[in-house]
Amino acid sequence: MPDHQVLELERFLPYRLSVLSNRLSQAIARNYESRFQLSITEWRVLAVLGRYPGLSASEVAERTAMDKVAVSRAVNRLLDAGRLRRETHEDDRRRSVLALTEAGYAIFDAIVPVALAYERALLSSLDAKERATLDRLLDKLAGNGAQAEGVLLAAEG
């Protein structure tokens, strides 16, 4: 294939991060899927609203970088299951906001300790300095995302 570009996919950072994210998410998802019949998207919606109650579905999608349609479907399933409630925003009557119900908080409170234990086990092979470096590097890469997207947009144009 001398006439083609070479991409070492196994060394390509976006691919590696995606595979790692999928593996980690699937591992913990098995726990809450079997216990609470929750999808990954539904759990992420619960997790965000457990931390930041009163967000709109669009704001949840923005915080999680998930597709708005997927978030909307998850929100509807959670509303139907009685795990979320939708209310009108007190300052803007045109806007609806979401919050966990008691049933939603019961699930949230059951999953959080499992999630934190999973994170501790995952990070246990790193010392404190390595964990701090990893955290700093992830923040740095996340902050550089807009600049990297600009490169892609320029390549399209």
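Q: Which residues of H1 meet which residues of H2?
A: In this predicted model, Ser25, Gln26, Ala29 and Tyr32 of H1 meet Ile40, Trp43 and Arg44 of H2, where meeting means heavy atoms within 4.5 Å. Residues are numbered from 1 along each chain as its sequence is written, and side-chain values use heavy atoms, without hydrogens and water. Because the model is predicted, local features need pLDDT of at least 70 and side-chain atom pairs count only at pLDDT 80 or more, while totals for chains, interfaces and linings use all residues.

Q: And at what angle do H1 and H2 pack?
A: Helix H1, residues 13–36, and helix H2, residues 40–51 (DSSP runs of H or I, at least four residues), pack at about 85° with their axes 10 Å apart. The two are therefore roughly perpendicular (65 to 115 degrees) to each other.

Q: What about H2 and H4, how do they pack?
A: H2 packs with H4 at an angle of about 80°, and the axes of this pair are 9 Å apart, which makes H2 roughly perpendicular to H4. On the H2 side the contact has Thr41, Glu42, Val45 and Leu46, and these meet Ala70, Val71, Ala74, Val75, Arg77 and Leu78 of H4.

Q: Switching to the largest nonpolar core, which residues touch the most other members?
A: This core (buried Ala, Val, Leu, Ile, Met, Phe, Trp, Tyr and Cys joined through side-chain atoms within 4.5 Å) has 26 residues, and Tyr32, Leu38, Val45, Leu46, Leu49 and Leu84 touch the most other members. Two or more residues come from each of H1, H2, H3 (57–64), H4 (68–80), S2 and H5, and H2 gives the most, with six residues.

Q: What does Leu49 touch, then?
A: Leaving out residues up to four places away in sequence, Leu49 touches Gly54, Leu55, Val60, Leu84, Leu98, Leu100 and Tyr105.

Q: Which residues of H5 are buried, and what do they pack against?
A: Gly104, Ile107, Phe108, Ile111 and Ala115 are buried in H5 (under 20% relative accessible area, 1.4 Å probe), and the buried residues of H5 pack against H1, H2 and strand S2 (96–100; a strand is an E run of at least two).

Q: Leu153, is that one buried or exposed?
A: Leu153, which lies in helix H7 (residues 145–156), counts as exposed (over 50%), because its relative accessibility is 56%.

Q: How far is Leu153 from Ala61?
A: Their C-alpha atoms are separated by 22 Å, and the two residues are 92 residues apart along the chain.

Note on methods. Axes fitted to C-alpha atoms, helices over the stretch in contact; angles between N-to-C directions. Parallel < 35°, antiparallel > 145°, perpendicular 65-115°, else oblique.
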